[in-house]
Amino acid sequence: MPRSPQARALAVLATAVALASPGPVLIVLTVLLAALVAVQLLGVRPRLNVRSDRVLAGEDVPRSREHLVYVACEVAKVALLVATGVVVLGS
């Protein structure tokens, strides 16, 4: 089972979609959500963790744009989840 709450929630959503005989739009939305979570968990979070470890160690580090990337991913994820809900409720 995935470790992060986001990955767990996505696994539940993907399982529900797979069991519901989804249409192509729902499949695309689910794949996009999975890709977005993977980008966050494998690409953005590790960099943020390294930076926060350096900051907590007292190091003076330059400003980072990774936080903005993470927030953009969160906003995109909310939009995709809303779109998924609309598709599910509309069918």
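I am working on a predicted model, where local features need pLDDT of at least 70, side-chain atom pairs count only at pLDDT 80 or more, and totals for chains, interfaces and linings use all residues. Residues are numbered from 1 along each chain as its sequence is written, and side-chain values use heavy atoms, with hydrogens and water left out.

**Entry: the pocket**

I looked up the largest pocket and found a volume of about 170 Å³. A pocket here is an open set of points on a 1 Å grid over the protein atoms alone, where a 1.4 Å probe fits, with protein on both sides within 12 Å along at least five of seven lines; lining residues have an atom within 4 Å of a point. The volume is the space filled by probe spheres set on points joined across faces, edges and corners. Helix 1 and helix 3 (66–90) each supply at least two lining residues. I noted Leu13, Val17, Pro22, Leu26, Thr84 and Val88 among them. The lining has eight nonpolar, four polar and no charged residues (Ala, Val, Leu, Ile, Met, Phe, Trp, Tyr, Cys and Pro are nonpolar; Asp, Glu, Lys and Arg are charged; the others, Gly among them, are polar).

**Entry: helix 1 and helix 2**

I checked helix 1 (residues 5–19) against helix 2 (residues 24–56): their axes come within 11 Å and cross at roughly 165°. Axes are lines fitted to C-alpha atoms over the stretch in contact, with angles from 0 to 180 degrees between N-to-C directions. The two helices are therefore roughly antiparallel, the term for angles over 145 degrees.

Definitions and conventions. Helix = DSSP H or I, 4+ residues; strand = E, 2+ residues; numbered from the N terminus. Parallel < 35°, antiparallel > 145°, perpendicular 65-115°, else oblique.
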